[in-house]
Amino acid sequence: MAKLVYGLNQSLDGYVDHLEIGRPSPALSRHFMEHVRDLTGMVYGSRTYEIMRYWDEDLPDWDAGDHDFAAIWQSKPKWVVSRSLKSVGPNATLVEDDVEAAIRGLKAQHDGEISVAGPDLAVSLTNLCLIDEYRLYLHPIVLGRGTPYFSGPQPPLRLVANDLIAENVIRLTYVPA
């Protein structure tokens with residue numbers, strides 16, 4: 001059975017905003033490249049999926065690391081939970097109806113780790129008791145605004161690990177209490 005893991009970069013004050021937090025350092029990029037390489041697949045909300053579709057491109061200004069990450073990302077199955085999107089890109093499946101049954105099915109049919117990305121989607125999956133682990137990548141920045149990592153009530157959690165991932169980025173790993 002696959003484990004569903006919600007993990008995103010966030011500011012010290014609890015917001016997720018990839019533009020404000022900035023481009024990852026080389027060490028953090030390597031960490032995420034290895035993380036994605038090891039995933040069984042990824043579940044996205046529509047807005048996060050649209051951001052990540054950047055990696056479906058092949059842009060001339062990319063360096064070797066960008067090309068490597070894109071190849072890894074493109075190779076992974078993606079499931080996109082959306083009622084607004086009518087189609088998704090390569091190696092992606094649109095999940096429009098009965099999200100709970102679809103995600104329970106993914107967990108039952110696969111082994112390994114399936115990543116969840118998107119705060120709104122994570123709240124829905126948390127309310128359905130489907131997320132097995134939460135990974136908060138804390139960056140030493142205060143944004144004061146934006147989309148919170150927990151966009152709904154914070155579930156009761158138990159800390160199981162803390163790791164220095166890169167320079168000033170700490171990963172806190174929690175499981176439902």
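This is a predicted model: local features need pLDDT of at least 70, side-chain atom pairs count only at pLDDT 80 or more; totals for chains, interfaces and linings use all residues.

Trainee: Why are α2 and α4 called roughly parallel?

Mentor: Helix α2 (residues 26–38) and helix α4 (residues 64–75) pack at an angle of about 20°. Angles under 35 degrees count as roughly parallel, over 145 as roughly antiparallel, 65 to 115 as roughly perpendicular and the rest as oblique. Therefore α2 and α4 are roughly parallel. Their axes are 9 Å apart.

Trainee: Which residues of α2 and α4 make the contact?

Mentor: Contact means heavy atoms within 4.5 Å. From α2 come Phe32, Met33, Val36 and Arg37. From α4 come Gly65, Asp68, Phe69, Ile72 and Trp73. They divide into 6 nonpolar, 1 polar and 2 charged. Ala, Val, Leu, Ile, Met, Phe, Trp, Tyr, Cys and Pro count as nonpolar, Asp, Glu, Lys and Arg as charged, and the others, Gly among them, as polar.

Trainee: What makes serine 115 buried?

Mentor: Buried means under 20% relative accessible area, exposed over 50%, partly exposed in between (1.4 Å probe, protein chains only). Serine 115 has 12%, so serine 115 is buried. Its place is in strand β6 (residues 113–117). Leaving aside neighbours within four places in sequence, serine 115 is in contact with Val5, His35, Leu39, Gly41, Met42 and Val43.

Trainee: What is the largest nonpolar core?

Mentor: A nonpolar core is a set of buried Ala, Val, Leu, Ile, Met, Phe, Trp, Tyr and Cys residues joined through side-chain atoms within 4.5 Å. The largest has 41 residues. Those with the most contacts inside it are Leu4, Tyr6, Val43, Trp73, Ile103 and Leu125. Helix α4 gives the most to this core, with 4 residues. Another core, of 7 residues, lies apart from it, with Leu28 and Phe32 among them.

Trainee: How do you know that aspartate 13 is partly exposed?

Mentor: Aspartate 13 has a relative accessible area of 30%, so the label is partly exposed. Aspartate 13 lies in the loop between β1 and β2 (15–16). Not counting residues up to four places away in sequence, aspartate 13 touches Ile141, Val142, Leu143 and Gly144.

Trainee: How far apart are aspartate 13 and isoleucine 141?

Mentor: They are 128 residues apart in sequence and 8.0 Å apart in space, C-alpha to C-alpha.

How values were computed
Residues are numbered from 1 along each chain as its sequence is written. Side-chain values use heavy atoms; hydrogens and water are left out. Axes are lines fitted to C-alpha atoms, for helices over the stretch in contact, and angles run from 0 to 180 degrees between N-to-C directions. Helices (H or I, at least four residues) and strands (E, at least two) are DSSP runs, numbered from the N terminus.
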